[in-house]
Amino acid sequence: ANDAPAIQNAIIDAEEKGGIVWFPPGKYRLQSGLEITKQITIQGVGWNKTPGNGSWFFVDDIGFTPIFVKPTASGTIIRDVAIEHMQPSGSAGWTPLNYPYAFEIRADDCYLHNLQLFNPTRGIAISSPGAAVGRVTLDRIWGQPLLEGITIDDTMDVVKVNNIHFWPFWSTDDAVMSFVASNAEALRSFRNDNPHYSNVFVLGYKYGFRFGKSPISGGITSKFRITNADCDFCGVGIQIDGDQTTGQITNFTAQGKVGAPVGIEVGANNVNIQ
C-alpha cells in the first residue's frame with residue numbers, strides 16, 4: 001500500500017503543533033512525495049545493510065521527490081532513516097531509473113544525520129534557486145548513489161558535510177559498478193561559499209569531488225575545505241572545472257583505479273587551491 005498520504009497527514013499535524021514524526025521499524029512505501037513546510041523532526045530507529053531492518057522508505061515511482069523540505073521549513077531535522085529505490089537488475093548496458101533526488105533541502109539550518117542512501121539514482125540536493133540556502137549540516141551519510149551523491153548549489157553560508165561513506169551497499173554487479181565508474185559523481189559543489197567536507201570515503205565513482213559552474217546561476221565555489229578524504233577506485237579524486245574556484249585540501253588520497261587515476265584535475269582558469 002501507499003503509506004505517503006498517512007505520513008503526510010502526520011507531518012501536517014506535527015507542523016501545526018511542533019514535534020516529531022516517528023517511524024517505528026518497518027518499510028514505508030512512498031508513491032507520492034512528502035512535503036515539509038514548517039520545522040519538524042523526521043525520526044527513525046536507524047538501519048542496517050538489510051532493507052527493512054530499521055526505518056526504511058521504499059520508492060518505486062520516478063515521478064516525485066520522496067522528501068522535499070521547503071524554504072519555510074528552516075530548522076528541520078531528518079535522522080536515523082534509510083531509503084531504497086526499485087532499480088533494474090544488473091545486465092549489459094545497465095542504467096538506473098531516472099529518479100529525482102531522494103532528499104531535496106531548500107531551507108536554512110537543517111540537519112540530516114545517519115541516513116542510508118541505499119541505491120537512489122540521485123541522493124541529496126541542497127539548493128534553493130535565488131534564495132541562498134545556508135547553514136545546513138549533513139553527518140553520517142552512507143549509501144550507494146548511482147549517478148549523483150550529494151549536490152550543493154546556491155548556498156551562501158557554510159554547508160558542512162561530515163562522515164560520508166559511499167560504497168556498494170546495494171550491488172557489486174559488474175554492470176552497475178561500470179556505470180557508476182563511468183558516469184557518477186559522489187560530491188558536487190557549484191555556487192557555494194565555504195562548503196566544508198570532512199572524513200569522506202567514496203569508492204568507484206567517476207569523480208569523487210567535483211567543483212563546477214552552477215547550471216542555475218553560473219557561479220562557482222569559493223573557499224571550499226576538504227579534510228581527511230579518500231577517493232578509492234575513482235577516475236578523478238577532485239575535478240575542478242569552474243573558473244576562479246578557490247579552496248584548501250588537507251589529508252587527501254586518491255588511488256586504486258585501473259589504468260591512470262588522477263588525484264586532482266584542474267580544467268578551469270584562475271583556480272587557487274592550497
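This is a predicted model: local features need pLDDT of at least 70, side-chain atom pairs count only at pLDDT 80 or more; totals for chains, interfaces and linings use all residues.
Biologist: How many charged residues are in the lining of the largest cavity?

Modeller: The names tell you a lot here. Gln144, Trp167, Pro168, Met177, Val180, Leu203, Gly204 and Tyr205 make up the lining. Sorted by type, that gives six nonpolar residues and two polar ones. The number of charged residues is therefore none, given that only Asp, Glu, Lys and Arg count as charged.

Biologist: Zooming out, how does the overall fold compare with a globular protein of that length?

Modeller: The protein is built from two helices and 23 strands. Its radius of gyration is 18 Å, close to the 19 Å that the globule rule gives for 274 residues, so the protein is as compact as a globular protein of that length.

Biologist: What percentage of the residues in the protein are buried?

Modeller: For a sense of scale, the C-alpha atoms fill a box of roughly 50 × 40 × 30 Å along the principal axes. Of contacts between residues at least 6 apart in sequence, 71% join residues at least 24 apart. As for the 274 residues themselves, the buried percentage is 54%.

Biologist: Strand S9 covers residues 111–117. Is strand S9 largely enclosed or open, and how many of its residues are buried?

Modeller: Look at its partners to begin with. Strand S7 (residues 77–85) pairs with S9 in the parallel sense over six bridges, and strand S11 (residues 137–143) also pairs with S9 in the parallel sense over six bridges. S9 is largely enclosed by the rest of the structure, because its buried residues number six of the seven.

Biologist: How many residues of strand S14 (residues 185–189) are buried?

Modeller: S14 also has a parallel partner in strand S12 (residues 148–152), joined over four bridges, with Ile152 opposite Ser189. Strand S17 (residues 207–211) pairs with S14 in the parallel sense over four bridges too, and there Leu187 stands opposite Phe209. S14 is mostly covered, and its buried count is five of five.

Biologist: Pro195 is in a loop between strands S15 and S16. Is Pro195 buried or exposed?

Modeller: That loop links strand S15 (192–193) to strand S16 (196–203). Leaving out residues up to four places away in sequence, Pro195 touches several others, including Val159, Ser189 and Phe224. At 1% relative accessibility the residue falls under the 20% cut-off, so Pro195 is buried.

Biologist: How far apart are the C-alpha atoms of Pro195 and Phe224?

Modeller: Along the chain, the two residues sit 29 apart. Phe224 is also on the contact list of Pro195, together with Thr221, Ser222, Lys223 and Arg225. Between the C-alpha atoms of Pro195 and Phe224 the separation is 5.0 Å.

Biologist: What is the phi of Asp80?

Modeller: Most residues other than glycine have a negative phi. Asp80 sits in strand S7 and counts as buried, at 12% relative accessibility. Its phi is positive, near 60°.

Biologist: Asn270 also has a positive phi. What is the relative accessible area of Asn270?

Modeller: The phi of Asn270 is near 55°. Asn270 belongs to the loop between strand S22 (262–266) and strand S23 (272–273). Asn270 counts as exposed because the cut-off is over 50% and its relative accessible area is 62%.

Biologist: Finally, what is the separation between the C-alpha atoms of Asp174 and Ala186?

Modeller: Asp174 lies in helix H2 (residues 174–183). Asp174 is exposed, with a relative accessible area of 67%. Ala186 comes twelve residues away along the chain, and the C-alpha separation is 19 Å.

Note on methods. Residues are numbered from 1 along each chain as its sequence is written. Side-chain values use heavy atoms; hydrogens and water are left out. Buried means under 20% relative accessible area, exposed over 50%, partly exposed in between (1.4 Å probe, protein chains only). Two strands pair if DSSP finds at least two bridges between them. On a 1 Å grid over the protein atoms alone, a cavity is a set of points where a 1.4 Å probe fits but cannot get out, and a pocket is an open set with protein on both sides within 12 Å along at least five of seven lines; lining residues have an atom within 4 Å of a point. The radius of gyration is taken over C-alpha atoms; the globule rule is 2.2 Å times the number of residues to the power 0.38. Contact means heavy atoms within 4.5 Å.
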